[in-house]
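Dear colleague,

I am handing over the structure below, and my notes on what was found in it follow directly after.

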Amino acid sequence: MKIELQSQVIVTDERESVAEEIAQLCREEGVEYFAFLKEGNFLVQDAVAAMEKAYLASEKRQVILLGADSFSAIVQNKLLKVIEEPPPRKEFILLFRKKAEILPTIRSRLPVVRTQAPASRDFDALDLRTMDIAAVYRFVQEKGRLDASEARNIIEGLVPAALRSGAYHLDEGSLDLFRDAIRALDVGSPPAFVLTAVLLKLLAKKKKKNIRGTLKHTS
């Protein structure tokens, strides 16, 4: 994903690498860069510090980057005024981990984009070769409140991952399963439900292990 130096919300699990990319772009374009990155929760005092920096007069264009594991509703509402009416030449970029956490008031004022997580990250908690029903439900639960784009990324990665595993009978009908799931997400079906259904149907395509007995010869 190509990042633009404009006010926006970026949903990402790669906060450090995204922040470094933004910093590099600012250096290349001669834009002043200020980062307020936190482990854990972004606090009210962090929001106040960022706003104070934004209201300092500057002749140069500035990017103010805010990032944390979580932004409470109180913090987001605190930032709302400066996002609605930013000082001249100031761009606010917010890094969220979960799209579901973004308040509607923020979504309505800033574009929301998502970085593409590496495909291998999607399956850290799920080994397709040994997947069973318990693993399916555990995986979906660990993913938490998925949004449609997150579920789409996982489902789109299932086909090559299943092929690589060599553990499934996949044919054209199987591929229709994944296409139908994407269409279901596009019309607003609950992402966690769609993902669970896809994984269970994929599980039904799993190859049965051949168990052969060993003949013992006696003299």
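Of the 219 residues of the protein chain, 42% are buried, a term that stands for under 20% relative accessible area with a 1.4 Å probe and protein chains only. Please keep in mind that this is a predicted model, in which local features need pLDDT of at least 70 and side-chain atom pairs count only at pLDDT 80 or more, while totals for chains, interfaces and linings use all residues. Residues are numbered from 1 along each chain as its sequence is written, and side-chain values use heavy atoms, with hydrogens and water left out.

The chain holds nine helices and seven strands, taken as DSSP runs (H or I of at least four residues for helices, E of at least two for strands) and numbered from the N terminus. Five of the strands form an open sheet with parallel pairing, in the order β2-β4-β6-β1-β7, where pairing requires at least two DSSP bridges between two strands. At its edges lie β2 (32-37) and β7 (112-114), each of which pairs on one side only. Within the sheet, β1 (residues 8-11) and β6 (residues 90-96) pair in the parallel sense over four bridges, and Gln 8 has Ile 93 of β6 as its bridge partner.

Turning to α9 (residues 191-203), this helix has 13 residues, and those that are buried include Pro 191, Val 194, Leu 195 and Leu 203. The cover over the buried residues of α9 includes α6 (133-143), α7 (148-165) and α8 (172-186), with contact meaning heavy atoms within 4.5 Å.

Best regards

Conventions: Buried means under 20% relative accessible area, exposed over 50%, partly exposed in between (1.4 Å probe, protein chains only). The expected span of a helix is 1.5 Å times one less than its number of residues.
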